[in-house]
Amino acid sequence: MAGTESPDDPPSFEEPFSGDDVEQRIYGTILQTREPTTVRAIADQVDCDPKTARKYLGWFANLGIVSRHDGHPVTYERNDAYFEWRRINQLAAQHSVEELQDRVRELSTRISEYEETYDAASPTAVDAVAVAESSDERTIDEVYGDLADWATAREERERHERARQQRMSGEREQASG
């Protein structure tokens with residue numbers, strides 16, 4: 001029922017950013033945008049003037065949060081590379097080289113186990129349906145679950161390795177500076 005939410009309740013599903021200021025609503029909307037979107041469409045979604053949306057989108061583009069695509073009309077979309085870079089920086093700042101190395105080893109072990117289990121170099125090389133149909137032990141859902149976890153482990157290992165290298169580089173610079 002509308003109007004019965006307490007201040008501690010989560011925002012409604014229909015309007016998740018309704019309590020935020022315009023900047024936060026635009027930011028939240030752009031985070032969910034997976035394809036180039038016009039300023040007018042973003043403004044309509046966050047219920048603001050297109051001029052205001054253009055101002056914030058320009059600012060977000062300067063920060064690298066969004067990519068601007070020139071054309072008629074100009075469109076914007078989330079810049080996934082920015083968020084990847086940000087995640088790696090956070091990992092490097094929050095963990096020691098040793099912690100990052102341990103995580104890389106742990107993920108490498110998990111990846112090796114999947115490679116051995118499925119006799120493949122990557123999850124994309126596995127025919128999930130064929131594996132499930134030829135197995136009395138694994139259902140198709142279990143195989144797909146394994147493949148998703150395997151792909152995630154590979155991505156996480158790459159992030160942690162990049163963060164480890166960044167952290168080591170920063171420590172070398174501090175030691176020589």
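Biologist: What share of the contacts in the chain with a separation of 6 or more comes from residues 24 or more positions apart?
Modeller: Such residues account for 58% of those contacts, where contact means heavy atoms within 4.5 Å. Please note that this is a predicted model, in which local features need pLDDT of at least 70 and side-chain atom pairs count only at pLDDT 80 or more, while totals for chains, interfaces and linings use all residues. Residues are numbered from 1 along each chain as its sequence is written, and side-chain values use heavy atoms, with hydrogens and water left out.

Biologist: How many helices and strands are there?
Modeller: The chain has seven helices and three strands. Helices (H or I, at least four residues) and strands (E, at least two) are DSSP runs, numbered from the N terminus. From that terminus the order is α-β-α-α-β-β-α-α-α-α.

Biologist: And what is the strand order in the sheet?
Modeller: The sheet is open, with antiparallel pairing and the order β1-β3-β2. Because β1 (37-38) and β2 (66-69) stand at the edges with a single partner strand each, one side of each has no neighbour in the sheet. Two strands count as paired if DSSP finds at least two bridges between them.

Biologist: How many bridges join β2 to β3?
Modeller: Four bridges join these antiparallel strands. Arginine 68 stands opposite tyrosine 76 there, and a hairpin connects β2 to β3 through five residues.

Biologist: Changing topic, which residues touch the most other members of the largest nonpolar core?
Modeller: They are Ile26, Ala53, Leu57, Phe60 and Ile65, in a core of 17 residues. The elements giving two or more residues to this core are α1 (22-32), α2 (39-46), α3 (50-63) and α4 (80-94). Another core, of 13 residues, lies apart from it and includes Tyr118, Ala120, Val126 and Trp150. A nonpolar core is a set of buried Ala, Val, Leu, Ile, Met, Phe, Trp, Tyr and Cys residues joined through side-chain atoms within 4.5 Å.

Biologist: What counts as buried, then?
Modeller: Buried means under 20% relative accessible area, exposed over 50%, and partly exposed in between (1.4 Å probe, protein chains only). By that rule, 32% of the 177 residues of the chain are buried.

Biologist: Which residues of α1 are buried?
Modeller: Arg25, Ile26, Tyr27, Gly28, Thr29 and Ile30 are the buried residues of α1. Their cover includes α2, α3, β2, β3 and α4.

Biologist: Is valine 39 buried or exposed?
Modeller: Valine 39 is buried, with a relative accessible area of 6%. It lies in helix α2.

Biologist: What does valine 39 contact, leaving aside neighbours within four places in sequence?
Modeller: Valine 39 is in contact with Pro50, Ala53, Arg54, Leu57, Val74 and Tyr76. Its C-alpha atom is separated by 6.1 Å from that of arginine 54, 15 residues apart along the chain.

Biologist: And which residues does alanine 53 touch, not counting those up to four places away?
Modeller: Alanine 53 touches Ile26, Val39, Ala43 and Cys48.
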